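Reader: I would like to learn how to read a few features of this model with you. Could we take them one at a time, with the general idea ahead of each case?

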Amino acid sequence: MRSRLLSIAAVLTLFGLTSTAWAKQPFKAPTPRFTSAVAFDVSKPVRGLAPLSGLAAQAESQGYLLKEVRAEHELAEVADKGFTGDGALQTGGANLSSPAPAIANPNVTFEGLSNQDNFNIYNFRVAPPDPVGAVGPNHYVEMVNLTFAVYDKAGTMLAGPSAIGDLWAGFAINDCTGASGDPVVLYDRQADRWILSQFTTSGLNANGSYNGTPFYNCVAISQTSDPTGAYYRYAFVTTEPNGTLFFPDYPKYGVWNDSYLLTSRDFGPTVEYGISVYALEKTKMLVGDPTARSVKFFLDSDLIPLHLMGDGLLPADIDGRVPDNNGNNANHAAPIVGTMDSGYVYGAPFDGINIFELMVRWNKVPDATLDLVAQLPVADFDSVFPCVGSRSCIPEPGVANNRWLDALTVRQRPTYRLAFRDFGDYQTMVTNQSVEARGGGLGVSKAGVRWYEIRRKNGVYSLFQQGTYAPDDGVNRWMGSIAMDKKGNVALGYSVSNGTAVFPGMRYTGRLAGDPAGQMTLGEGTIINGTGAQVTVNNRWGDYSSMNVDPTDDCTFWYVNEYYQTTGVIGINTVPWQTRVGSFKLPGCN
């Protein structure tokens with residue numbers, strides 16, 4: 001395994017401060033492990049899946065049964081020690097404190113999937129929803145825990161709501177048919193195909209222990225450009241060569257030019273932990289070749305410092321043109337990105353971004369490398385939010401503080417997606433994470449969205465700009481997703497809530513390419529205002545949302561997230577979360 005040291009001389013001037021890139025820490029990558037899919041076949045057309053089962057006519061009291069999807073492991077419980085400040089907090093910009101947004105209103109919004117769909121299909125409800133979507137030339141596909149649906153761009157449902165497991169009905173790996181979740185859907189504009197996925201949980205007992213059943217990543221690729229048609233179905237096992245079973249928590253996918261990328265947060269049966277970085281053999285999967293291979297690097301926390309991997313890494317996901325390496329392999333390798341907070345307990349030497357590069361050559365005898373190529377210092381941020389317990393953090397109107405919402409700040413990772421775009425002479429990525437942006441303590445502190453634009457030129461990375469969006473209006477903004485259009489304009493969507501008048505809803509902001517660095521200048525738009533609160537006891541929110549760019553014009557942004565219309569009654573019903581899909585453009589992109 002080669003070790004490459006990159007000397008980065010980029011100097012970043014942000015907010016009047018000058019910062020230079022940190023000397024990269026030593027990193028010895030594990031040996032790549034190539035395997036083939038353990039199962040393959042072709043599904044029936046999605047448009048022919050069975051309709052909802054009609055259980056909604058049963059007594060509403062039965063809807064109080066709430067299933068937690070993937071009860072997330074915590075590697076550490078850390079109490080808030082007070083706000084340490086935010087070095088990139090936006091304090092200027094158009095309409096930052098104005099109630100009237102300058103940003104355009106949505107072109108269209110429509111109701112997406114809801115927890116009622118889970119009740120109709122399974123006779124129980126789930127938390128969290130993990131809403132995610134993708135847009136193609138004619139369709140929008142949405143997935144949540146534990147259902148999916150296909151819409152046209154006006155919001156008319158063309159297929160679904162269906163159980164995710166029904167997509168794998170009759171598959172050789174029966175576990176893929178289960179009600180497992182953590183879905184991701186992608187649209188590959190280069191191939192004009194759709195990718196739908198979920199993990200398996202049959203290897204988990206009710207108490208979280210392992211029962212000896214292997215875990216799988218289940219991946220379906222549409223046969224054609226029609227997402228309501230049939231899919232090539234694959235299963236990739238996560239078991240290590242020594243026989244250790246690993247549960248692939250929080251899987252995140254990305255489209256690359258020659259691979260589909262996948263990362264997961266892997267837990268063994270006792271104390272084993274690490275991050276897996278995969279590439280899946282795209283060329284074979286697109287044509288339904290059952291011999292499609294995967295390569296996996298397992299970053300073992302016993303061997304690699306925890307702050308380098310944190311609680312998850314994000315793979316690049318291409319928007320716009322496919323990267324042209326122009327003979328320069330440094331521009332061909334796929335970026336994999338993580339974040340770290342020196343104020344957390346993982347031992348990070350500074351607040352920063354860790355950047356890995358994955359290079360795969362799908363030859364007859366394949367080869368792959370994973371290198372830590374850059375560590376970029378960022379402005380100070382605080383990831384430890386004041387909460388009741390570890391998750392009850394974000395207030396809601398009229399809700400007791402033990403039933404508030406998860407702020408998602410303490411997880412040491414960026415939030416989906418890592419949106420990648422090639423502008424020819426340089427390449428850029430945008431991503432984000434939730435942080436404590438304004439202090440004050442329990443119920444007073446405010447969450448904001450820290451966002452980053454990272455550039456790569458001739459294989460060298462720099463932090464082009466960063467900012468924390470958190471207007472001083474008493475509202476929490478968190479669980480964001482960010483993307484960039486073909487003009488270099490940036491759009492950021494997120495959840496909002498506070499303890500007085502703002503119920504959980506969906507908003508967005510943006511900036512133009514030439515605007516001052518680190519500023520979301522266009523004010524704030526609304527996808528939908530919430531009118532109800534979540535009162536479930538597990539506090540789960542998210543865990544992710546999705547901002548995507550329409551391939552037809554490379555300008556229109558599509559955003560999906562969760563919200564509430566009605567407040568549940570404790571002990572009587574949970575009332576379903578709902579999702580909303582909205583699209584909008586930023587000025588000057590046509």
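Reader: Let us start with strand pairing: how many bridges join β20 to β24, and in which sense do they run?

Author: Strands of a sheet pair through backbone hydrogen bonds, either parallel or antiparallel. Here β20 and strand β24 (residues 415–422) run parallel and are joined by four bridges. Two strands count as a pair if DSSP finds at least two bridges between them. The strands themselves are DSSP runs of E with at least two residues, numbered from the N terminus. Within this pair, Asp317 stands opposite Ala419 in β24. Before we go on, a word on the source: this is a predicted model, in which local features need pLDDT of at least 70 and side-chain atom pairs count only at pLDDT 80 or more, while totals for chains, interfaces and linings use all residues. Residues are numbered from 1 along each chain as its sequence is written, and side-chain values use heavy atoms, with hydrogens and water left out.

Reader: What is the strand order of the open sheet of eight strands?

Author: The order is β23-β22-β21-β20-β24-β25-β26-β27, and the pairing is mixed. At the edges stand β23 (367–377) and β27 (460–469); each has a single partner strand, so one side of each is left without a neighbour in the sheet. On average, neighbouring strands of this sheet are turned by 30 degrees against each other, direction ignored. For such angles, axes are lines fitted to C-alpha atoms, and angles run from 0 to 180 degrees between N-to-C directions.

Reader: Next, cavities. How many of 30 Å³ or more does the structure hold?

Author: Rolling a probe the size of a water molecule over the atoms shows where empty space is left. The structure holds seven cavities of 30 Å³ or more, and about 110 Å³ of space lies in the largest cavity. A cavity here is a set of points on a 1 Å grid over the protein atoms alone where a 1.4 Å probe fits but cannot get out, and lining residues have an atom within 4 Å of a point. The volume is the space filled by probe spheres set on the points, which are joined across faces, edges and corners.

Reader: Which residues line the largest cavity?

Author: Among them are Ala134, Leu186, Asp317, Arg417 and Asn548. Two or more lining residues come from each of β8 (132–135), β12 (184–188), β20 (314–319) and β32 (546–549). β20 gives the most, with three residues. The lining divides into six nonpolar, one polar and four charged residues.

Reader: How many disulfides does the structure hold?

Author: A disulfide is a covalent bond between the sulfur atoms of two cysteines. The structure holds three, each counted as a pair of cysteine sulfur atoms within 2.5 Å. Cys176 and Cys218 have their sulfur atoms 2.1 Å apart, and their link is left-handed, with -85 degrees about the S-S bond. Cys176 lies in the loop between β11 (157–163) and β12 and Cys218 in strand β14 (residues 216–222), so the pair ties together parts that are 42 residues apart in sequence. The link of Cys387 and Cys393 is right-handed, with 100 degrees about the S-S bond. The link of Cys555 and Cys589 is left-handed, at -75 degrees.

Reader: Are Cys387 and Cys393 buried or partly exposed?

Author: Cys387 counts as partly exposed at 22% relative accessibility, whereas Cys393 counts as buried at 2%. Buried means under 20% relative accessible area, exposed over 50%, and partly exposed in between (1.4 Å probe, protein chains only). Both Cys176 and Cys218 are buried, and so are both Cys555 and Cys589.

Definitions and conventions
1 Å grid on protein atoms, 1.4 Å probe; cavity = no way out; pocket = protein on both sides within 12 Å on 5 of 7 lines; lining within 4 Å. Nonpolar A, V, L, I, M, F, W, Y, C, P; charged D, E, K, R; others polar.
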